[in-house]
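Please read the points below alongside the model.

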Amino acid sequence: MKFQDYKISDFLDELSSKSPAPGGGTASALLGAVGLSLFSMVCNLTLGKEKFKPQEETIKEFLNKAQSLQEDFRRLMDEDTEAFNEVAKAYKMPKDSEEEKKKRKEAIQEALMKAAWAPLKMMEKVKEASELIAPAVSLVNPAVITDLGVCVLSLKSALFGAWLNVKINLNSIVDEKFRAFLSEKMMEYLKVSENLDKL
């Protein structure tokens, strides 16, 4: 069952259990989805009002993009946990012979790369969300501006949460080219925080 199909109480119970997954990465993706949900609400509370009629088509475009991004974050909730589970599975592989040790090492590295990739995608999606929200701030209904503020705070938390999860996985990855690429992208996406602060 996908996390997005859980009842809120069931998901929180799962998150608070002694199981290491879902963990911070999945929670970060959820925060991203919450942020986009709030942005969608702001758009919906702007549409249909005579005062905002001139920008209605633009708001509809914002809404469609926000809903698509929200779906991306929902998928990333599961992707992050699945990637962590692959890492855990790789570490449990036998290591009695040299051949087994080699296979285990390769499997661990492959799993760690996937585990770093999922939160990096979250950071990328936060960047896309910030580019969507920035032009909308002056166009949406100001009566729900505080909801837009919580949207931004949720996305910022998602960004930093994902960043922490990229970092922790990079620490154990030996492929220098992969490390360099992810480090560069990670720092690029982290700058999105400055854009969110300006909203």
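**Note on the salt bridges**

1. The count is 13 salt bridges, a salt bridge being a side-chain nitrogen of Lys or Arg within 4 Å of a carboxyl oxygen of Asp or Glu. The model is predicted, so local features need pLDDT of at least 70 and side-chain atom pairs pLDDT 80 or more, while totals for chains, interfaces and linings use all residues. Residues are numbered from 1 along each chain as its sequence is written, and side-chain values use heavy atoms, with hydrogens and water left out.

2. R75 and D72 form a salt bridge whose closest N and O atoms are 2.3 Å apart. Both residues lie in helix α3 (residues 56-91), 3 residues apart, or about one turn of the helix; helices are DSSP runs of H or I with at least four residues, numbered from the N terminus. R75 is partly exposed at 47% relative accessibility, whereas D72 is buried at 15%. Here buried means under 20% relative accessible area, exposed over 50%, and partly exposed in between, with a 1.4 Å probe and protein chains only.

3. D72 also meets K125 in a salt bridge, at 3.2 Å from N to O. K125 belongs to helix α4 (residues 98-133) and D72 to helix α3, so this pair ties together parts 53 residues apart in sequence. Both K125 and D72 are buried.

4. Shared partners join the salt bridges of K53, E56, E57 and K60 into one network. Within this group, K53 pairs with E56, the closest N and O atoms being 3.9 Å apart. K53 is partly exposed, with a relative accessible area of 47%, and E56 is buried at 14%.

Technical notes: Helix = DSSP H or I, 4+ residues; strand = E, 2+ residues; numbered from the N terminus.
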